[in-house]
Amino acid sequence: MCRLFGLHAGPQPVRATFWLLDAPDSLSSQSRREPDGTGIGTFDAEGKAHVAKQPLAAWEDHAFAREARTLRSTTFLAHVRYASTGAHTMVNTHPFEQDGRLFAHNGAFGGLGGLDQHLARLGVTDLVHGQTDSERLFALITAESRRADGDVTQGITRAVTWIAERLPVFSLNLILTTATDLWAVRFPATHELYILQRDPASVHGPAAPLEARSHRIHARSEDLARSPHVVVATEPMDHNPDWHPIASGGLVHVGPDRVVTTTFPFPESPANLLTLSDLEPSAAASQAS
């Protein structure tokens, strides 16, 4: 399945180094599906979003993903894609940018024709440049945020609720960032999503840098040896015992001061909850592991 990573470092920019395909391929892993895209999103000192991404497929050069990139930002968003909808193209590769915000999604849902009609009624079809369900979900969040006078929390709540009540849903896990805030959703319980609030000052002994490593994403920051930060990821990325899963239905918001709030504004379950057996074979393979 896709891998999500979000980092909120606080009000001051920090440096962090990322590798998105850290482990070399081997003959023993030939049966694993290769990633279909990788990307990292950051914000500069003026708060402008920047995205570096590449639509990797099994036959393409993975140098982009394996090379280390040292970036500076207050928030970071990384994604490794296993495609369930849409071709291996740049426009289908996460993160996406809309209205100066960055977005990445792990999951799948159906009924895209009905969603396209709804996006047309809201006047935001111009936001969708590719074929993915993810970019359409982001367009709906953007439309609802505009209707809520820029309130992203309300935009996410309204968009996820609309989809949950009307469309077949497998998973809507997502991370959305600005230069000052981070939002994360785990809905429904299909895929896990974890959060870590890390305060180096509370640890006895020498301050340790952030060293976060999962199956596909590796992030390191010496700067974060000295300042608190919040990490959201598809799986725990080190042995820190403070990692915990976001509860199903949780909408997490991390504000400019790194204060974390979690609300549960969505229906208890999608009206039409999909299982792996309901998905097309390619989509099921992308969501299985």
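## A predicted model, residue by residue and sheet by sheet

His129 is exposed, because its relative accessibility is 57% and the cut-off for exposed is over 50%. The model shown here is predicted. His129 sits in the loop between α2 and α3. Its side chain reaches the backbone oxygen of Asp126 at 3.5 Å. Leaving aside residues up to four places away in sequence, His129 touches Val91 and Glu135.

Helix α2 covers residues 112–122, and its buried residues are Leu112, Leu115, His118 and Leu119. Why do they lie on the same side of α2? They cover an arc of only 115° around the axis, so they share one side of the helix. On the other side of α2, Gln117 and Arg121 are exposed.

What do the buried residues of α2 pack against? Their partners are β8 (101–109), α3 and α4 (152–166). After α2 comes Gly123, which has a positive phi near 75°.

### Arg136, a buried arginine

Helix α3 spans residues 133–147 and contains Arg136. Is Arg136 buried or exposed? Its relative accessibility is 12%, so Arg136 counts as buried; the cut-off for buried is under 20%.

Not counting residues up to four places away in sequence, Arg136 touches Leu112, Leu115, Asp116, Leu119, Val128, Gly130 and Gln131. Leu112, Leu115 and Leu119 are among the buried residues of α2. The side chain of Arg136 also reaches the backbone oxygen of Thr132, at 3.1 Å.

### Thr190, in between

Thr190 belongs to the loop between β10 (182–186) and β11 (194–198). Its relative accessibility is 33%, so Thr190 counts as partly exposed. Which residues does Thr190 touch, not counting those up to four places away in sequence? They are Phe170, Ser171 and Leu273. Asn173 is 17 residues from Thr190 along the chain, and their C-alpha atoms are separated by 9.0 Å.

| Residue | Relative accessibility | Side chain to backbone oxygen |
|---|---|---|
| His129 | 57%, exposed | Asp126, 3.5 Å |
| Arg136 | 12%, buried | Thr132, 3.1 Å |

Tyr194 stands opposite Ala233 in β14.

### The sheet of four strands

A second open sheet has four strands. Their order is β5-β2-β13-β12, again with antiparallel pairing. Why is one side of β5 and of β12 left without a neighbour? β5 (69–73) and β12 (210–213) stand at the edges with a single partner strand each, so one side of each has no neighbour in the sheet. From one strand to the next, the twist averages 20°.

Ala212 has Ala219 in β13 as its bridge partner.

### A hairpin

β16 (residues 250–254) and β17 (residues 260–263) also pair in the antiparallel sense, over four bridges. Val252 has Thr262 in β17 as its bridge partner. How many residues lie between these two strands of the hairpin? There are five, and Arg258 in the turn has a positive phi of about 70°.

### The whole protein

Now step back. The protein has five helices and 18 strands. Of its 289 residues, 55% are buried. Among contacts with a separation of 6 or more, 72% join residues 24 or more positions apart. The accessible surface comes to about 12,000 Å², and carbon and sulfur atoms account for 52% of that surface.

Key
Residues are numbered from 1 along each chain as its sequence is written. This is a predicted model: local features need pLDDT of at least 70, side-chain atom pairs count only at pLDDT 80 or more; totals for chains, interfaces and linings use all residues. Side-chain values use heavy atoms; hydrogens and water are left out. Two strands pair if DSSP finds at least two bridges between them. Axes are lines fitted to C-alpha atoms, for helices over the stretch in contact, and angles run from 0 to 180 degrees between N-to-C directions. Buried means under 20% relative accessible area, exposed over 50%, partly exposed in between (1.4 Å probe, protein chains only). A polar contact is a pair of N or O atoms within 3.5 Å; within protein, one must be able to donate a hydrogen and the other to accept it, and residues adjacent in sequence count only if both atoms are side-chain atoms. Contact means heavy atoms within 4.5 Å. The arc is that of the directions from the helix axis to the C-beta atoms. Accessible areas come from the Shrake-Rupley method with a 1.4 Å probe; for residues, only the protein chains shown count as cover.
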